[in-house]
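Hi everyone, thanks for coming.

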Amino acid sequence: MNLAQDGAAPGVNLNPLTCDREGGRGFDTAIDTSSDPSRDLSRDPYRDPHRINADLHCHSYFSDGTLAPSEVVARAHRNGVGLLALTDHDDVSGLSEAAAAAAELGIAFIPGVEISVSWGGETIHVVGLRIDPNDADLCAGLASVRSGRDARAREMGAQLARVGLTGAFEGAAALAGNPALVSRTHFARWLVERGTCTDVRAVFLKYLVPGRPGYVPHAWARLSEAVSWIAGAGGVAVLAHPARYKLGELALSALVEEFRNAGGLAIEVASGSHTRDQVRRFARLALAEGLEASRGSDFHSPLESHADLGFGPVLPDSVLPVWHRWV
Ligand code: AMP
Ligand code: MN
Ligand code: MN
Ligand code: MN
């Protein structure tokens, strides 16, 4: 099976969003959904990308999600998702299982990945959509990004031991579905399990962000590298959840500029972690910068995530959904 070429198979029901927008599934109807008269819907209104419940950002236990890829796909299907991308951090190992489950259920599937990047002292995430997961340069790049994780996780464990939290590396590693992908999320879950904090977000604030005792800075991929691995694998690069970065207006503009110059095509305007105001702000930015827009829940787990699969904000009609090319 060639995952990169299959994409949205003809004849697959792409689940129009119409009823969801009227509140049936809790979609955000406060966002401006007025029609854009320049959109040519004469072809087939049910292929209007704005009416498709696309979720192009989520995780399985091949990175820091808690569900198997097939469980992610089944849950997305139950939630009315019509077009799904699995985008595990720095790894494509879950994609074949997800693609097989999607084919079985008749849900259109796009192979994806979310690459960790270091830029301007911040960690930035770049989502790659409709990549060829077998592309050699992409696979080598992702292997290089993963390679530092083990030493980083051991150092996190050592630092946490110094503040009395012994066994954290072993605890986190035991919770990771993929030994190459022990992440801060696994440390957070372990610390919640042992009762140190009440939830994952509290662990991050107390232990896992810069200035806290379990935070270990790490050099991830360069922005231009990540974008070129994605483009080289036939994919589209999307700047993930832009509201999450601690960057001022100027630095954010510089990031977007560099991302676009490197070949980046879209920004994730509608993320499960974005407020309505942030959706509006990044829709304006996408339009101003001539970028397309993506939408994704960033679902990790039924108990932890901002938004469930297929839920969370929708794209304003003013922007061009990045998935227009696949429907
Ligand atoms: P890592 O790649 O090991 O640095 O882990 C990053 C992951 O931690 C992200 O992909 C999120 O899933 C999670 N994360 C980052 N910041 C937070 C936060 N403040 N609260 C909860 N989860 C977070
Ligand atoms: Mn994550
Ligand atoms: Mn991310
Ligand atoms: Mn993510």
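Predicted model: local features only at pLDDT ≥ 70, side-chain atom pairs only at ≥ 80, totals over all residues.

Let's begin with strand 3, residues 108-119. Is this strand enclosed or open? Well, 11 of its 12 residues are buried, so strand 3 is largely enclosed by the rest of the structure. Strand 2, residues 83-86, runs parallel to strand 3 and is joined to it by 4 bridges. One of the pairings puts Leu86 with Pro111 of strand 3. Strand 4, residues 122-129, is antiparallel to strand 3, with 8 bridges between them, and here Gly112 is partnered by Leu129 of strand 4. The hairpin of strand 3 and strand 4 has 2 residues between the strands, and Gly120 there takes a positive phi near 55 degrees.

Next, strand 7, residues 292-296. In a regular strand, side chains alternate between the two faces of the sheet. Here Glu292, Ser294 and Gly296 point one way, while Ala293 and Arg295 point the other way, and all are buried. Strand 6, residues 266-271, runs parallel to strand 7 through 5 bridges, and Ala270 stands opposite Arg295.

Finally, the helices. Helix 7, residues 168-175, packs against helix 8, residues 184-193, at an angle of about 105 degrees, with the axes 8 Å apart. That makes the two helices roughly perpendicular. Helix 7 brings Ala168, Gly171, Ala172 and Leu175 to the contact, and helix 8 brings His186, Phe187, Arg189 and Trp190. Sorted by type, these contact residues are 5 nonpolar, 2 polar and 1 charged.

Conventions: Residues numbered from 1 in each chain as written. Chains lettered and ligands numbered in written order. Buried ≥ 20, exposed ≤ 12 C-beta atoms within 10 Å, placed from the backbone. Pairing = 2+ DSSP bridges. Axes fitted to C-alpha atoms, helices over the stretch in contact; angles between N-to-C directions. Parallel < 35°, antiparallel > 145°, perpendicular 65-115°, else oblique. Contact = placed C-beta atoms within 7 Å. Nonpolar A, V, L, I, M, F, W, Y, C, P; charged D, E, K, R; others polar.
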